[in-house]
Amino acid sequence: MPATTGNLLLDALSPELREGILAPCRAIDLPNRTQLYEQGEAPAYVYFLCTGVASLEVAMAEGGSAEVGLTGHEGVVGAMHLLGPTPTPSQACILVQATALRIRLDDLRAIFITSEELRGRILEFVQQQNVALEQVAACNRLHEAEQRLARWLMMCRDRSQQDTMTLTQEFMADMLGTRRTTVTLVAGSLQERGMISYRRGKVTILAPAELEKAACHCYRICNNALRSLYRPLNA
Ligand SMILES: [Zn+2]
């Protein structure tokens, strides 16, 4: 068994517990836009991402969708389904090409029920996700598109550990719940000021410190929650 998997939640577990979870896991590659589960259904599998990012999206009945969460190597996509039987309104798909350790939801749930250690770490991850969800819900209602785009790009960067990401304008508009023309305008402005380059659907973050300054304070709150994950249990 490798000493580390690249997934921060798994790597924070005691070796014996990690081994027990890894035994039924399968390593898989997940290309961009792979659908991991549909809204309203309990997924057959959940995914510990080792690289890449998954996006949680809510699609509306009348058309259109908006992003409600991002998960990268810090967590497990589908963790909400461990908590109870209520169907979630979100679906998950791959935003930045990923590698993952896939496990059946039922297999992970069996360990979740018996292991206090795993339960603690999963709840910690879900709490962090909820902090971001609350902050971003208010952000999307109150903050300007440029601040939000800067925040979102920084959040993608933290979770993917990459400066270059393939993101179409249409997709960014969907994610931010804004118009395509607004994305063109604000991405153009960030590019003119040298913070990002945006070409043929590829965004490269050139100056993360500057981009962070262009983001609203919501970024700092989400980043602090992310960085506080998985402190040693006996510390
Ligand atoms: Zn904000």
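Predicted model: local features only at pLDDT ≥ 70, side-chain atom pairs only at ≥ 80, totals over all residues.
## Asparagine 7

Asparagine 7 sits in the segment before helix H1 (8-11). Its relative accessibility is 0%, so asparagine 7 counts as buried.

The side chain of asparagine 7 makes polar contacts with backbone atoms. A polar atom of that side chain lies 2.9 Å from the backbone nitrogen of leucine 10. The side chain of asparagine 7 also reaches the backbone oxygen of histidine 73, at 3.5 Å. Leaving aside neighbours within four places in sequence, asparagine 7 is in contact with Phe48, Leu49, Cys50, His73 and Gly75.

## Glycine 75

Glycine 75, one of the residues in contact with asparagine 7, lies in the loop between strand E4 (65-71) and strand E5 (76-77). Glycine 75 is buried, because its relative accessible area is 0%.

Glycine 75 and leucine 10 are 65 residues apart along the chain, yet their C-alpha atoms are separated by 8.3 Å. Not counting residues up to four places away in sequence, glycine 75 touches Asn7, Leu9, Tyr47, Phe48, Leu49, Phe125 and Tyr230.

## The three-stranded sheet

Three strands form an open sheet in the order E7-E9-E8, with antiparallel pairing. Strand E7 (164-166) and strand E8 (196-199) stand at the edges. Each has a single partner strand, so one side of each is left without a neighbour in the sheet. From one strand to the next, the twist averages 15 degrees.

E8 and strand E9 (residues 202-205) run antiparallel and are joined by four bridges. Across this pair, isoleucine 196 stands opposite isoleucine 205 in E9. Tyrosine 198 faces valine 203 in the E9 strand. E8 and E9 form a hairpin with two residues between them. In the turn, arginine 200 has a positive phi of about 45 degrees.

On the other pairing, three bridges join E7 to E9, again in antiparallel fashion. Here threonine 164 stands opposite threonine 204 in E9.

From H6, the contact involves Ala145, Glu146 and Leu149. They meet Thr182, Val186, Ala187, Ser189 and Leu190 in H8. The residues of this contact divide into five nonpolar, two polar and one charged.

## Helices H4 and H5

Helix H4 (residues 105-114) packs against helix H5 (residues 116-142). The angle is about 105 degrees, and the axes are 5 Å apart. That angle makes H4 roughly perpendicular to H5.

On the H4 side, the contact is formed by Leu108, Ile111, Phe112, Ile113 and Thr114. In H5, their partners are Glu116, Leu118, Arg119 and Ile122. The residues of this contact divide into six nonpolar, one polar and two charged.

Definitions and conventions. Residues numbered from 1 in each chain as written. Heavy atoms only, no water. Axes fitted to C-alpha atoms, helices over the stretch in contact; angles between N-to-C directions. Parallel < 35°, antiparallel > 145°, perpendicular 65-115°, else oblique. Contact = heavy atoms within 4.5 Å. Nonpolar A, V, L, I, M, F, W, Y, C, P; charged D, E, K, R; others polar. Buried < 20%, exposed > 50% of the residue type's maximum accessible area, 1.4 Å probe, protein only. Polar contact = N/O pair within 3.5 Å; in protein donor to acceptor, adjacent residues only side chain to side chain. Pairing = 2+ DSSP bridges.
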